[in-house]
2 protein chains.
Amino acid sequence: MGMQITATQRRFIRRWGEMGTRWGISRSTAMVHGYLYLCREAVNAEDICGALELARSNVSTSLKELEQFRLVERESKAGDRRTFYVAVADVWEMARRILEERRRRETEGAVAAVNECLRAAKDEGDDFTATRMEAMQELLSTAENVADAARRYPTSIFRKAALMGGKLLGLIAKL
Amino acid sequence: MGMQITATQRRFIRRWGEMGTRWGISRSTAMVHGYLYLCREAVNAEDICGALELARSNVSTSLKELEQFRLVERESKAGDRRTFYVAVADVWEMARRILEERRRRETEGAVAAVNECLRAAKDEGDDFTATRMEAMQELLSTAENVADAARRYPTSIFRKAALMGGKLLGLIAKL
DNA sequence: TTCATATTTCTGAAAAGAGAGAAATCATAA
DNA sequence: TTATGATTTCTCTCTTTTCAGAAATATGAA
């Protein structure tokens, strides 16, 4: 008994899928996420196929990716061998997890790679190049440190910080 | 007289290009940027072609995209009709501009689209859907507000904030 | 204006990515 | 353990993106 979606929900999901493509997430994956976000209770993969008219395999792959992002959670019902899925409902937690996973994918190995080049440039006595690479290196590792620190705090802080917006920046400026 | 690149620089540029693809920037575009970042002085398009072995057209398109990101600036030399290019040298300013342009591309029109769906859901009396869409809407518009605020502050603040890292979050937690 | 050269846009081919369906694997009730 | 059905992986096709080369356009000196 999968949720049958209304035209409005379909429109939202389609939009969400469209946005996903611009975020480096496949359209199907983002649509599956959009659907789950609009579901009241956990649904199984078959339900998703029915509602979104996607191939079963595609839904499977999408769910796997969403689990990597930690945007959906599995659930099992007694006497039912199928897996059910729910989306993280809190949008701030959602945003945080998306950003965290993206950061991970996008800077994975970068620090090490730049470091390697940096050492080579230094060995060759190419000061200018070394300086530039050093700056890049500092940026990348700071980004990693910030992400690490961020992981240790509850979502509520980010919500607070975001809602303070400019005021917070003004505060920092005075430090 | 374009700069001839060393093996180390080539390695760095190749890496940078690779990273670019994960950031939704084409390999060539990221490579052109990497090259400019390692240049001491402004270079022209032909130089870039020579150093990176890319088609002239490709370099042209890449430079145009980099200008959209505001990562490179044009320069003209007296008695030379060609255009010369330099990359923004400060990595923090660079990061800020990349994030700003990405944010713009990735949330462009999203608030309006979600708002439209939200109104429809409300009209239909679908409270659950409306609530979820409202939350999403709040998130997206807050993101836009933060970005707007961020644009008004100098780069130095972000560097400061990033280097404070976890300490800053701890501070906010106490507010 | 004309010529020479710098730059951009157009076009098509090659590479990468997405997604459907089939085949294989895995898990659980009996 | 076996049978049944859920899930994942594989493969092939279709779509999208990237990028080289050609054609068109723009710019500036004479």
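The contact (heavy atoms within 4.5 Å) takes 62 residues from chain B and 61 residues from chain A. This is a predicted model, in which local features need pLDDT of at least 70 and side-chain atom pairs count only at pLDDT 80 or more, while totals for chains, interfaces and linings use all residues. Residues are numbered from 1 along each chain as its sequence is written, chains are lettered from A and ligands numbered from 1 in the order in which they are written, and side-chain values use heavy atoms, with hydrogens and water left out.

**Exercise 1.** Determine what area is buried between chain B and chain A, and which residues of chain B lose the most area.

*Solution.* Step 1: buried area is the accessible area (1.4 Å probe) that two parts lose on being put together, summed over both. For chain B and chain A it is about 5,700 Å², and carbon and sulfur atoms give 68% of it. Step 2: on the side of chain B, B:Glu106, B:Arg132 and B:Met136 lose the most area to chain A, together 11% of what that side buries.

**Exercise 2.** State how many salt bridges and polar contacts link the two chains, and which helices of chain B take part in the contact.

*Solution.* Step 1: a salt bridge requires a side-chain nitrogen of Lys or Arg within 4 Å of a carboxyl oxygen of Asp or Glu. The count between chain B and chain A is 8 salt bridges. One of the pairs is A:Glu116 with B:Arg11, whose closest N and O atoms are 2.9 Å apart.

Step 1: a polar contact is a pair of N or O atoms within 3.5 Å; within protein, one must be able to donate a hydrogen and the other to accept it, and residues adjacent in sequence count only if both atoms are side-chain atoms. Between chain B and chain A, 15 residue pairs are in polar contact, both residues at pLDDT 80 or more.

Step 2: helices are DSSP runs (H or I, at least four residues), numbered from the N terminus. Among those of chain B that each supply at least two residues to the side touching chain A are H1 (7-22) and H7 (127-151). H7(B) provides the largest share, 13 residues.
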